[in-house]
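Hi everyone, thanks for coming. Please have the sequence and the 3D view open while I talk, and we'll walk through a few spots together.

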Amino acid sequence: MHLPRSGALAPSSRSGPLRISVLGATGSIGTSTLDLIGREPDRFDVVALTAQSNTAALAEAAVRVGAAVAVIGDETAYGELAERLAGTGVAAAAGPDAIVEAAARPADLVVSAIVGAAGLAPSLAALGAAEAVALANKETLVSAGTLFMTEAVRRGVRVLPVDSEHNAIFQVLDAENIREVAEIILTASGGPFRTLSLAEMAGVTPERALKHPNWSMGRKISIDSATLMNKGLELIEAHHLFPVRPDQLSVVVHPQSAVHGLVRYTDGSLLAELGSADMRTPIAHCLAWPERRPAPVAPLDLVALGTLTFEAPDRARFPCLALAEAALAEGRGAPCVLNAANEIAVEAFLDGRIRFLDIAAVVADTLSRARGAGMMAEPASLVDAESLDASGRRLAAAEVARRMQ
Ligand code: NDP
Ligand code: MG
């Protein structure tokens with residue numbers, strides 16, 4: 001667990017623009033980050049941008065913000081990237097190792113916004129040469145949270161939470177009085193299927209599941225929001241970011257997505273952060289921290305909103321939340337296997353190979369098999385975490401195949 005420290009990015013400790021790298025620059029979080037950077041170009045010196053296969057968007061963004069290097073994960077795309085960047089002054093590189101090298105380039109801030117456990121190695125590498133890491137890639141904390149946070153503390157690197165709920169909590173958590181924190185509450189929109197019965201959810205299509213009512217996000221996290229796995233992953237994420245016990249973390253469904261996170265103190269005060277459902281607010285908070293800067297976000301209109309409602313999550317209709325809570329309580333390797341199985345199941349659902357309710361079933365059966373195989377040791381190194389992740393994926397792929405027969 002990481003106790004907030006102060007001052008790492010204080011403007012007084014820096015001279016000149018903020019040296020920044022964005023991993024996953026072509027995604028939903030990545031493009032929102034680059035939108036903010038592009039509005040204040042003099043404040044930033046862009047070191048590296050990375051993507052997986054979207055060469056055109058990567059090259060365009062790298063030229064626009066004047067990045068020193070652009071890296072594409074897909075090695076076969078190197079030629080195309082190099083061609084697009086010829087004569088622009090932006091260096092091109094390709095392959096997973098090149099992404100890790102880019103992440104390890106000296107920077108004041110690395111924004112880690114790759115999706116999935118593929119973000120783990122680059123996020124860990126960022127701890128090697130960055131002053132701070134703005135972490136959107138929650139799967140890093142789910143797969144290897146103890147490893148990542150221990151390394152961050154050891155190296156004195158500040159971890160700034162980008163995820164809206166965790167950023168909200170970061171803003172209202174009184175770290176000086178942490179013993180007087182009674183509870184940390186994450187809000188969940190409930191996703192597109194909040195009011196559907198299990199029978200109705202059985203037949204939903206990927207297109208329908210991808211239509212989130214409040215947030216515009218990448219495909220994987222949109223499905224995680226529809227199953228409520230996202231909130232389960234966020235409980236595990238919160239456990240690593242904030243120094244409270246797992247039983248002090250809870251989830252409340254709040255369909256308006258205006259309140260993003262709350263901290264209840266022992267004196268009865270409940271402090272919350274509210275804002276529009278626009279990720280540029282938490283990202284701007286990380287880019288400016290410990291100051292604040294204006295962000296191009298519509299102010300939350302309380303009168304237009306009128307009513308805020310809250311309800312308990314229904315774990316019978318959303319078993320992924322219960323599975324993640326159990327993995328958090330079990331600890332050790334369980335969250336890593338949970339995450340690996342979920343990534344395989346979500347991909348299979350998006351490809352039309354399994355049905356929506358199979359996602360939870362694949363994750364549950366993978367966890368049972370991993371437990372039976374004695375696979376649940378805490379990952380103590382990147383190699384351990386990647387090997388456990390790979391084993392979890394193999395078991396989950398077998399579960400997917402079994403359901404397709
Ligand atoms: P997207 O799918 O929109 O973007 C993912 C980014 O990662 C893209 O740049 C993609 O490149 C790159 N990428 C994909 N696979 C790999 C890989 N194997 N290796 C290296 N890079 C890869 O995701 P989001 O922006 O929605 O989410 C990013 C992270 O932030 C996730 O962990 C998510 O949970 C978290 N998050 C997102 C929020 C949101 O509002 N979107 C909110 C809170 C957290 P390419 O485009 O070339 O495929
Ligand atoms: Mg979130």
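Let's begin with helix H7, residues 164–172, and helix H12, residues 280–288: their axes come within 9 Å and cross at roughly 50 degrees. Keep in mind throughout that this is a predicted model. Are H7 and H12 parallel or oblique to each other? An angle under 35 degrees would count as roughly parallel, and theirs is roughly 50 degrees, so H7 and H12 are oblique to each other. Their crossing is left-handed.

Which residues make this contact? On the H7 side, look for Ser164, Asn167, Phe170 and Gln171. On the H12 side, you'll find Pro282, His285 and Cys286. Sorted by class, the contact of H7 with H12 has three nonpolar residues, four polar ones and no charged ones.

Now for another pair. Helix H11, residues 229–241, packs with helix H14, residues 319–330, at an angle of about 20 degrees, and their axes are 7 Å apart. That angle makes H11 roughly parallel to H14. The crossing of H11 and H14 is right-handed.

If you'd like to click along, H11 brings Met229, Lys231, Gly232, Leu233, Leu235, Ile236 and His239 to the contact. They meet Cys320, Leu321, Ala324, Glu325 and Leu328 in H14. How many nonpolar, polar and charged residues are there in the contact of H11 with H14? There are eight nonpolar, two polar and two charged.

Next, the ligand. Please find ligand 1, which is surrounded by 24 residues. The closest are Thr26, Ser28, Ser53, Asn54 and Glu139. Some backbone atoms also deserve a look. Ile29 has a backbone N or O atom 2.9 Å from an oxygen atom of ligand 1. For Gln52, a backbone N or O atom lies 3.0 Å from an oxygen atom of the ligand. At Ala136, a polar backbone atom is 3.4 Å from a ligand oxygen.

Let me finish with two details of the backbone. Where is the cis peptide bond that I'd like you to find? It joins Trp289 and Pro290, with omega about 10 degrees.

You'll find Ser257 in the loop between strand S9, residues 249–253, and strand S10, residues 259–265.

That's my tour, and I'm happy to take questions!

Note on methods: Residues numbered from 1 in each chain as written. Chains lettered and ligands numbered in written order. Predicted model: local features only at pLDDT ≥ 70, side-chain atom pairs only at ≥ 80, totals over all residues. Heavy atoms only, no water. Axes fitted to C-alpha atoms, helices over the stretch in contact; angles between N-to-C directions. Helix = DSSP H or I, 4+ residues; strand = E, 2+ residues; numbered from the N terminus. Parallel < 35°, antiparallel > 145°, perpendicular 65-115°, else oblique. Left-handed = near helix turned anticlockwise from the far one by under 90°. Contact = heavy atoms within 4.5 Å. Nonpolar A, V, L, I, M, F, W, Y, C, P; charged D, E, K, R; others polar. Near = heavy atom within 4 Å. Polar contact = N/O pair within 3.5 Å; in protein donor to acceptor, adjacent residues only side chain to side chain.
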